[in-house]
Structure formats: structure tokens, C-alpha cells
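Try each task before you read its solution.

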Amino acid sequence: MSQNLWVLTDGKIGDVAQCIGVADALGLPYEIRLVAPRKLFTYAMPWGPIDPKDAPHKLESPLAPPYPAVAIASGRRAVPYLRALKRLSKGQTFTVFLKNPKINSKFADFVWAPEHDGISGKNIVTTLTSPHRFSAQKLQDARDNPLEAIAALPKPKAAVLIGGNSQHHTFTPDNINTLLAALKNLSHTHSLMITCSRRTPRELAMQLHDLGRSEGHLFWNGEGENPIAQYLANAEITVVTTDSTNMVGEAAATGKPIYGFRPTGSHRKFDRFLSRMEDLGVLHPFPGDILAPTYEPIDATPDIADAISKAIEQKQTSG
């Protein structure tokens, strides 16, 4: 069995990023194995079997051996594949699942979930924030070696992370107007470094593009490597839309004040997380006074990796 790690997901950016963040923290070389079951089989997931086209002996199967020492998976479609890998490797592959699997956690050796999901179990570890790729070392490297365009911006700088419409949140015309007005006001005192997501409404993205392309600001147009680590590392504050708990958690790794804009809609689990971050003095309302102090950075990724390493050792010791 090769001493490496597989990342098993259906390719969703958020899932891949979380898995890679943990893989990096574990220090194991990894390869990404994408699962792409046909629609008929996805209906039965996470409870059902893998798509037969992905049987391990089939050409280009994501489960083709040799099997890894560790596998980290995330996403509903990856559950049957992680379960199958555990069986195929005769239990030799240590299997990790990130987020709530929506089935009994015993299908994997180790499960991580955010605290706001409210799940618990013998092999489940929970943390306030989610794992990500922005380790303390990566952020420090980005501060020590800023991109030329970022270094040229006057201080103070604000990283602006904009999400978009989702199952639980909608950016209404009023939301868009309020957010843009607040950002334009902030642009008089801070250099803005703006990124959007694929979910950002087109009319909002277009106006953010214009704002970010004006003198003294930046806008990432989606081409080349995502500069979000550079933005976060070199900003004095971060403005984030609260439709994504991941974005809030990533920003918390900097120890810099976070200002959250809440679009229309709510989600009980999201709201529980946001309230906790507000109680800790990490998250503040946007628009609002830009006066908050710094805090000790919050990054659960190394803690999750450490818990996985200890679980692997315990399994090896117990035979």
C-alpha cells in the first residue's frame, strides 16, 4: 500500500479546498480522485452503492489500486466511494470524511463536522471553523512576498470576499444597493481587494468589477491563480458576505477584524455559527463602524489534522 493520500470529491471547489487543507496539514503527498457517478446512481447517495462504471478494475476508475494509506472525502456523492475504498483495502486505508455525511458515521474511520451542524459520535470531531488551505505559514509567506499590485496599494487595505445566491440566501436589489453603497464609502478610506464567486449575481459582479478596477483598488477577474490568500494576508480588515461560513472561517485565520454583510435569508446552522463568531469579537456588522480590534487567529485545520494523526496511531496500536 502506497504511503500517500487520496482526496475523493465530485470536484466542488469548497469540498476540494477543505480536503487539501487537511492533507497539507498532515504533510502527506496527495492525489485528487474525482468521482462522477451517473445521475441514476446519485439519487441513492449517500446511502447507495458506487456507480458500476467506477468499479476498481474499470479503466480510469477513481478507485483503481494501489490503495492509499489515507483517504479524505467530502460531499454526498463521495460517501459510497469512501465506503467502498475501506472495503476494497480490507480496512488498511484510513478513511476520513469531512462535513456531516448524513448517514451513520461508522462508515468511515474518522469524521469531522463543524460545531454548528450539531452532530456527535465516537469517531466524530467538531470545531468552530472549517478546515482550509490558508495555514499560518502560507499567510506569512504571502505577507513577506506580496504580489506587486498588492504591495503598490496604499494602506489600510480591505479584502472583500463576495459570495452570492444560494439555497438559503438571496441578494435582492436592495441588498445589492446597500452593499455597493457601503463598499464605495469604504473605498474612500481603504484600498479594496475584491473577489467574487460563481454565485455572485451578474449585476453585482459588474459593479464590483468597475469599483475594483478604479484607481487604488483591485478586482480579481477569475483568470490565473486565485489571489485570495494574498488578499487575506495583506489586508487590515476583511469584508465578507455571510452566505458562506467557509469564507468567514478562512478570514478568521488572519486574526484581523471581519465585517459581515448579511444578504436576505437565513439558515439556523449558519446563524448559530455567525452568532458564535460575533460573541468572540471576530465578526462585526457591515455596514458598520470600522473600529474593531485584532484577535488571536482562529484556524482549526492543524487541530483536525492532529486529531486524525492520533486516530491513525490509535488504530495502528490496537491492530
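**Exercise 1.** Find what joins the side chains of Arg77 and Asp10, and say which parts of the chain the pair ties together.

Solution. 
- Step 1: In this predicted model, the two side chains meet in a salt bridge, with 3.0 Å from N to O.
- Step 2: A salt bridge needs such a nitrogen within 4 Å of a carboxyl oxygen, so the pair qualifies.
- Step 3: Arg77 lies in the loop between β3 and α3, and Asp10 in the loop between β1 and α1, so the pair ties together parts that are 67 residues apart in sequence.

**Exercise 2.** Which residues are linked in a network with Asp10?

Solution. 
- Step 1: The side chain of Asp10 also meets that of Lys12 in a salt bridge, at 2.9 Å from N to O.
- Step 2: Asp10, Lys12 and Arg77 are therefore linked in a network of salt bridges.
- Step 3: Now check accessibility. Asp10 has 21%, Arg77 has 25% and Lys12 has 44%.

**Exercise 3.** Which helices does the salt bridge of Lys138 and Asp24 link?

Solution. 
- Step 1: The side chains of Lys138 and Asp24 meet at 3.3 Å, N to O.
- Step 2: Lys138 is in helix α4 and Asp24 in helix α1, 114 residues apart.
- Step 3: Lys138 is partly exposed at 35%, and Asp24 is partly exposed at 33%.

Note on methods: Residues are numbered from 1 along each chain as its sequence is written. This is a predicted model: local features need pLDDT of at least 70, side-chain atom pairs count only at pLDDT 80 or more; totals for chains, interfaces and linings use all residues. Side-chain values use heavy atoms; hydrogens and water are left out. Buried means under 20% relative accessible area, exposed over 50%, partly exposed in between (1.4 Å probe, protein chains only). Helices (H or I, at least four residues) and strands (E, at least two) are DSSP runs, numbered from the N terminus.
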